[in-house]
Amino acid sequence: MSLGYVRPARPEDAAEIARIQLATWRVAYRRLLPREVLESLDEESLAERWDASVRQPPGDTHRVLVAVEQAEQSYLVGFAASGPADAEALAPNEPADALGADVVAVTDLLVEPRWGRRGHGSRLLAASVDLWRESRFDRAVAWVFEGDQASRKFLTTAGWEFDGAGRALDVDDMLVPQLRLHVAVPTATPQAG
């Protein structure tokens, strides 16, 4: 376990979040997504999108958190983004109200591979759960690539389960299957005092 912590993302973190996203996708998804798609991703465009997400989130319960590794210097090493479940969280042909207002969707939960297995993902998830509880969400959902064994194992070890929904993303004329996982947001445990 490393020395690290999680904090809300700041606008000045946008470029580093984009770099982490791009580096992680190019390593973790190199066998899942077409190489030309991964190579064509533009770090500057991603940074602009993350800057907008941090500066002007669509609502109060949309959150972007960053994981920080503390050493002689501090480094951003991962991030998590979540918000109320919307159309992007739905399975194909699922009714618009299938998930309900009490469901939060994780859109990203990434730790740069070179910083993996140091507790950063767990800290990001725990901090997210605290915010979901505070926002009164009862359940969380996340889409993962069927072939992304690392993400699936991480989430299922944390209590997430397959909810029966699947979809296939059309990525440059290649269908990439995804599974939707879900978990109940645990209620706060009373502090001994």
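Where is Asn93 placed? In this predicted model, Asn93 sits in the loop between β3 and β4.

**Positive phi in loops**

- Most residues other than glycine have a negative phi.
- Asn93 has a positive phi, near 65°, although this residue is not glycine.
- Asn93 counts as exposed because its relative accessibility is 82%, and exposure begins over 50%.
- Arg136, likewise not a glycine, also has a positive phi near 65°.
- With 70% relative accessibility, Arg136 is classed as exposed.

**Packing of α1 and α3**

- Helix α1 covers residues 14–28 and helix α3 covers residues 43–55; the two pack at an angle of about 125°, and their axes are 8 Å apart.
- The pair is therefore oblique, and the crossing of α1 and α3 is right-handed.
- On the α1 side, the contact is made by Ala14, Ala15, Ile17, Ala18, Arg19, Gln21 and Leu22.
- On the α3 side, the partners are Glu43, Leu46, Ala47, Trp50 and Asp51.
- By type, the residues in this contact of α1 with α3 are eight nonpolar, one polar and three charged.

**Helix α1**

- The 15 residues of α1 should span 21 Å at 1.5 Å a residue, and the C-alpha atoms at the ends of α1 are 21 Å apart, so the two values agree.
- Buried residues in α1 are Ala14, Ile17, Ala18, Ile20, Gln21, Leu22 and Thr24.
- An α-helix has 3.6 residues a turn, so residues three or four places apart point the same way.
- Ala14, Ile17, Ala18, Gln21 and Leu22 are among the buried residues of α1, and these five also belong to the contact with α3.
- The cover over the buried residues of α1 includes the helices α2 (35–40) and α3, together with the strands β2 (63–70), β3 (74–84) and β4 (103–111).

**Helix α4**

- Helix α4 also has 15 residues, and the distance from its first C-alpha to its last is 21 Å, close to the 21 Å expected at 1.5 Å a residue.
- In α4 the buried residues are His120, Gly121, Arg123, Leu124, Leu125, Ser128, Val129, Leu131 and Trp132.
- Elements that cover the buried residues of α4 include β1 (4–8), β2, β3, β4, β5 and α5 (149–157).

**Ala105 in β4**

- Ala105 belongs to strand β4.
- Ala105 counts as buried because its relative accessibility is 8%, and the cut-off for buried is under 20%.
- Apart from neighbours within four places in sequence, the residues in contact with Ala105 are Ala81, Ser82, Gly83, Pro84, Ala85, Ala89 and Val141.
- One of these, Ala81, is 24 residues from Ala105 in sequence, and their C-alpha atoms are 8.6 Å apart.

**Arg49 in α3**

- Arg49 is a residue of helix α3.
- Its relative accessibility of 60% puts Arg49 in the exposed class.
- Arg49 and Arg10 are separated by 39 residues in sequence and by 13 Å in space, C-alpha to C-alpha.

Methods. Residues are numbered from 1 along each chain as its sequence is written. This is a predicted model: local features need pLDDT of at least 70, side-chain atom pairs count only at pLDDT 80 or more; totals for chains, interfaces and linings use all residues. Side-chain values use heavy atoms; hydrogens and water are left out. Axes are lines fitted to C-alpha atoms, for helices over the stretch in contact, and angles run from 0 to 180 degrees between N-to-C directions. Helices (H or I, at least four residues) and strands (E, at least two) are DSSP runs, numbered from the N terminus. Angles under 35 degrees count as roughly parallel, over 145 as roughly antiparallel, 65 to 115 as roughly perpendicular and the rest as oblique. A crossing is left-handed if the near helix is turned anticlockwise from the far one by less than a right angle, and right-handed if clockwise. Contact means heavy atoms within 4.5 Å. Ala, Val, Leu, Ile, Met, Phe, Trp, Tyr, Cys and Pro count as nonpolar, Asp, Glu, Lys and Arg as charged, and the others, Gly among them, as polar. The expected span of a helix is 1.5 Å times one less than its number of residues. Buried means under 20% relative accessible area, exposed over 50%, partly exposed in between (1.4 Å probe, protein chains only).
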